[in-house]
Amino acid sequence: PSPCGPNSQCREVNGQAVCSCLPTYIGQPPGCRPECVVSSECPANRACVNQKCVDPCPGTCGQNTRCDVINHSPICSCNPGFTGDPFFRCSPIPPPQPPPQAPIYTDPCVPSPCGPFSQCRDIGGSPSCSCLPSYTGSPPNCRPECTINQDCPSNQACMREKCRDPCPGSCGAGAQCNVINHTPVCTCPEGYTGDPFTSCFPKPPDVEPVQASDPCNPSP
């Protein structure tokens with residue numbers, strides 16, 4: 001039998017037995033032994049794998065991770081800025097979403113797209129234009145009924161942007177009014193006299209002159 005003990009090999013050299021430990025075993029025959037049997041026989045940052053003290057990290061953790069050996073055990077964690085399962089894969093942490101902002105109300109009528117003499121209303125976020133009351137046309141071309149007398153028929157005048165009869169209040173009492181080329185013309189009616197812009201009154205009857213009687217005419 002081999003005199004070298006376990007985990008050793010024996011060679012004959014010049015009729016003598018020469019003992020040595022098997023490869024990967026340490027010590028001296030007959031005390032050859034593996035590097036380790038349990039992890040506690042290794043440094044704290046190594047583990048006993050196949051009777052060897054080795055780094056337990058390679059192949060243990062997932063992508064984008066780091067591995068630290070603590071008390072012979074591999075501890076996996078995601079790299080800074082990454083998240084996920086460190087034993088499978090870590091992904092970049094998405095940037096924080098900005099807090100939702102309340103929609104800012106924008107009045108489509110400011111500034112008004114409707115033009116002068118018009119009104120604007122917000123209908124579902126879109127401007128709705130219409131002419132102001134008493135104005136004619138269609139936005140943006142709303143206009144008053146008149147701005148000068150020539151915008152009106154000849155028997156009316158432009159008063160406060162409206163074509164109206166200029167006679168009421170223009171002539172005096174008892175006078176008659178006729179509109180000629182937008183202008184009220186006041187006259188007293190036939191049989192009346194006075195200032196037509198103040199008042200007209202009936203003409204007094206004509207008085208025949210009294211002739212003195214001549215007793216000699218005709219001659220008796």
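How much of the chain over residues 54–91 is helix, how much is strand, and how far apart are the end C-alpha atoms? Select that span in this predicted model, and you will find that residues 54–91 are 0% helix and 53% strand, with 29 Å between the C-alpha atoms at the two ends. The UniProt record, an unreviewed entry, places the feature "domain: EGF-like" on this span, and also on residues 105–143 and 164–198.

Select residues 105–143 next, where the chain is 0% helix and 38% strand, and where the end C-alpha atoms lie 31 Å apart.

Now show the cysteine side chains, for a search of the whole structure finds 15 disulfides; the tour visits some of them in turn.

Begin with Cys42 and Cys53, whose sulfur atoms are 1.9 Å apart and form a disulfide. Turning to the S-S bond itself, the angle about the link of Cys42 and Cys53 is -85°, and the link is left-handed. Cys42 sits in the loop between β4 (33–34) and β5 (47–49), while Cys53 belongs to strand β6 (residues 52–54), so this pair ties together parts of the chain that are 11 residues apart in sequence.

Cys61 lies in the loop between β6 and β7 (65–70) and Cys76 in strand β8 (residues 73–78), so the bond links parts that are 15 residues apart in sequence. Cys76 has a relative accessible area of 9% and is buried.

Then select Cys188 and Cys200, which are joined by a disulfide with an S to S distance of 1.8 Å. The torsion about the S-S bond of Cys188 and Cys200 is about -80°, so this disulfide is left-handed. Here Cys188 is found in the loop between β18 (183–187) and β19 (192–195), and Cys200 in strand β20 (residues 199–202), so the pair connects parts that are 12 residues apart in sequence. Cys200, at 11% relative accessibility, counts as buried.

For a last stop, which cysteine sulfur is nearest to that of Cys10, a residue in no disulfide? Select Cys10 together with Cys4, whose sulfur is the nearest one, 3.8 Å away. With a relative accessible area of 37%, Cys10 is partly exposed.

Conventions: Residues numbered from 1 in each chain as written. Predicted model: local features only at pLDDT ≥ 70, side-chain atom pairs only at ≥ 80, totals over all residues. Heavy atoms only, no water. UniProt positions renumbered as here; feature names shortened; annotations may be inferred. Helix = DSSP H or I, 4+ residues; strand = E, 2+ residues; numbered from the N terminus. Disulfide = S-S within 2.5 Å. Buried < 20%, exposed > 50% of the residue type's maximum accessible area, 1.4 Å probe, protein only.
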